[in-house]
Amino acid sequence: MGNTTSSAISKEILEDLKLNTKFTEHEICQWYENFQKQCPTGRISPEEFEQIYARFFPESDATSYAQHVFRSFDTNDDGTLDFKEYIIALHMTSTGKTTRKLEWAFSLFDVDKNGYITKTEVTEICQLIPKEELAKLPGDENTPDKRANKLWSFFEKKDNERLAEGEFIKGVIENENAMRLIHYEPIKE
Ligand SMILES: [Ca+2]
Ligand SMILES: [Ca+2]
């Protein structure tokens, strides 16, 4: 009776999450319970993540964006999200401090995960914004190339140079426009 397959969260993961997020032990344990219900395998696949994502942004064709977000959350690069990656992601994108969010933004833009952002990668992420939303933007950012050019110009790098994480975070923190340009969320109307 009452013998379910769910197991308690491991002490190691719990301690790690308490250290790295502002969540309480109680909150983490509750999320873990929910996570196990929704995801008995303990791992979220890219397809499952797309569905979760689509529920948050039902109006938008967010599939390709969801793939990039998934990649940036999958910190150990094994093609699935485990509980720890999921919670860290949740923390960084919702309640995290600015620098944490920017660390995440950096990993979103670092498409090939080599620790640097190139202008090509910036352009690739800018291409994820739907055309009809781009069309509403000012004239110097209403195409992926223009938006990437504008954003890239704030970091004072040549087109063939690359941007390290610290430079990215510093550049964005010091420039409101850069901060605005790195943010894109599918618009719900
Ligand atoms: Ca993973
Ligand atoms: Ca890269």
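Which residues does the UniProt annotation "domain: EF-hand" cover?

1. The annotation, from an unreviewed UniProt entry, covers residues 61-96 and 97-132. Keep in mind that this is a predicted model.

2. Look at residues 97-132. Over this stretch the chain is 61% helix and 6% strand. The C-alpha atoms at its ends are 31 Å apart.

3. Now take helix α4 (residues 63-73) and helix α6 (residues 98-109). Their axes come within 8 Å. They cross at roughly 120 degrees. Angles of 65 to 115 degrees would count as roughly perpendicular, and those over 145 as roughly antiparallel. The pair α4 and α6 is therefore oblique. The crossing is right-handed.

4. Which residues make the contact of α4 with α6? From α4 come H68, V69 and S72. From α6 come W104, S107 and L108. By class, three are nonpolar and three are polar, with no charged residues.

5. Next, helix α7 (residues 119-126) and helix α9 (residues 144-153). The two axes come within 8 Å and cross at roughly 130 degrees. This angle makes α7 oblique to α9. The crossing of α7 and α9 is right-handed.

6. Which residues of α7 meet α9? They are K119, V122, T123 and C126. On the α9 side are P144, D145, R147, A148, L151 and W152. The residues of this contact divide into six nonpolar, one polar and three charged.

7. To check the classes yourself, start with the charged residues. The contact of α7 with α9 has three of them. The contact of α4 with α6 has none.

Definitions and conventions: Residues numbered from 1 in each chain as written. Chains lettered and ligands numbered in written order. Predicted model: local features only at pLDDT ≥ 70, side-chain atom pairs only at ≥ 80, totals over all residues. UniProt positions renumbered as here; feature names shortened; annotations may be inferred. Helix = DSSP H or I, 4+ residues; strand = E, 2+ residues; numbered from the N terminus. Axes fitted to C-alpha atoms, helices over the stretch in contact; angles between N-to-C directions. Parallel < 35°, antiparallel > 145°, perpendicular 65-115°, else oblique. Left-handed = near helix turned anticlockwise from the far one by under 90°. Contact = placed C-beta atoms within 7 Å. Nonpolar A, V, L, I, M, F, W, Y, C, P; charged D, E, K, R; others polar.
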